[in-house]
Amino acid sequence: MGLQAYLTLAAVVFCIGLFGVMTRRNTIGILLGIELMLNSVNINLVAFARYSGDVTGMVFTVFTICITVTEAALGLAIVILLFRIRRTVTADQLDLLKG
Amino acid sequence: MSADVLAFWSLAVVLVGSALAVVLTKNLFHAVLWLALALTGTAGVFLLLDAEFLAAVQLLLYAGGIVTIVVFAIVVTERLVGERISQTSRRIGAGAVVAAGLLLMLVRTIAQQRVPDARPEMAADLTRTIGETVLTRFVLPFELLAVLMLAGLMGAIYFARPDD
């Protein structure tokens with residue numbers, strides 16, 4: 001398989017994740033979409049690293065995976081905190097900053 | 001059809017199918033389980049790209065870690081309300097149009113590029129090479145990553161602390 005096949009697969013997964021982020025009402029559902037998008041970026045990084053013969057992209061993937069996990073832990077902590085304050089995790093009702 | 005091509009297409013079907021299930025299924029808990037399948041499929045793609053170490057990291061951190069904390073968050077937030085773990089979507093049409101448009105643009109751009117089809121030879125022991133690169137050329141980002149994870153850990157504990 002060529003590099004293009006992997007890039008196309010990552011693009012499809014990215015757009016599915018984007019669709020989820022835009023359409024989900026539940027905040028946790030939105031976070032799941034973000035995870036999908038970040039995941040597709042990792043596929044791109046590893047594919048480029050493999051087809052250019054340079055290990056740097058794979059090292060970069062280790063970093064992005066760690067950062068993504070930190071992001072997920074913090075995001076879910078914020079969701080739990082929001083739930084404690086507002087008793088809801090529906091994004092439409094989390095409008096504390098509405099002017 | 002060679003084994004490589006067959007493996008790629010079956011992984012692609014699993015990955016795209018489970019990703020669609022993540023964003024479309026009504027039950028939030030099922031969506032997390034589909035996400036676990038999608039992340040495992042990504043680990044398979046990493047294996048196809050000869051990155052065994054990354055496949056292991058993907059399974060441990062992503063499929064293990066993220067799924068666990070998402071399930072935890074669902075249990076904490078949904079059970080207290082006492083409702084079903086269901087979720088609805090809004091503006092599906094607009095979302096589909098934007099996502100499909102972006103996909104079309106990306107696929108067209110990718111198709112127009114001249115990218116290599118052959119894989120160059122890489123170090124026989126990629127895991128060793130990754131480890132050596134992390135601890136030599138990228139040692140500063142590596143240490144910064146440790147600080148970031150510590151800050152994230154402290155932030156998560158601070159946010160999720162019990163009321164006093």
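**Helices, core and contact**

Let me begin with α1(A), which has 21 residues and reaches 31 Å from its first C-alpha to its last, close to the 30 Å expected at 1.5 Å a residue. Helices here are DSSP runs of H or I with at least four residues, numbered from the N terminus, and the expected span is 1.5 Å times one less than the number of residues. Before I continue, please note that this is a predicted model, in which local features need pLDDT of at least 70 and side-chain atom pairs count only at pLDDT 80 or more, while totals for chains, interfaces and linings use all residues. Residues are numbered from 1 along each chain as its sequence is written, and chains are lettered from A and ligands numbered from 1 in the order in which they are written.

Is α1(A) mostly covered or mostly uncovered? It is mostly covered, with 16 of its 21 residues buried. A residue is called buried if 20 or more other C-beta atoms lie within 10 Å of its own, exposed if 12 or fewer, and partly exposed in between, with C-beta atoms placed from the backbone.

I turn now to the counterpart in chain B. The 22 residues of α1(B) should span 32 Å at 1.5 Å a residue, and the 31 Å between its end C-alpha atoms agrees with this. Buried in α1(B) are B:A12, B:L15, B:S18, B:A19, B:V22 and B:V23. These residues lie on the same side of α1(B), because they cover an arc of only 150° around the axis; the arc is taken from the directions from the helix axis to the C-beta atoms. On the other side of the helix, B:A3, B:L6, B:S10 and B:V13 are exposed. What do the buried residues of α1(B) pack against? Their partners are α1 and α2 of chain A, together with α2 of chain B.

Next, the largest nonpolar core. It holds 67 residues, of which A:V13, A:I28, A:V46, A:A47, B:V22 and B:L35 touch the most other members. Such a core is a set of buried Ala, Val, Leu, Ile, Met, Phe, Trp, Tyr and Cys residues joined through C-beta atoms within 7 Å. The largest share of this core, 13 residues, comes from α1(A). As for A:A47, beyond its neighbours within four places in sequence, it is in contact (C-beta atoms, placed from the backbone, within 7 Å) with A:L3, A:Y6, A:L7 and B:L49.

The contact between the chains takes 73 residues from chain B and 58 from chain A. On the side of chain B that touches chain A, α3(B) gives the most, with 13 residues.

Finally, some individual residues. B:D50 lies in the loop between α2 and α3 of chain B, and has a positive phi of about 65° although it is not a glycine. Most residues other than glycine have a negative phi. B:D50 is partly exposed, with 15 other C-beta atoms within 10 Å. B:D125, in the loop between α4 and α5 of chain B, counts as exposed because it has 12 C-beta neighbours inside 10 Å. How far apart in space are B:D125 and B:D50? Their C-alpha atoms are 10.0 Å apart, although 75 residues separate them in sequence.

Notes. Contact = placed C-beta atoms within 7 Å. Helix = DSSP H or I, 4+ residues; strand = E, 2+ residues; numbered from the N terminus.
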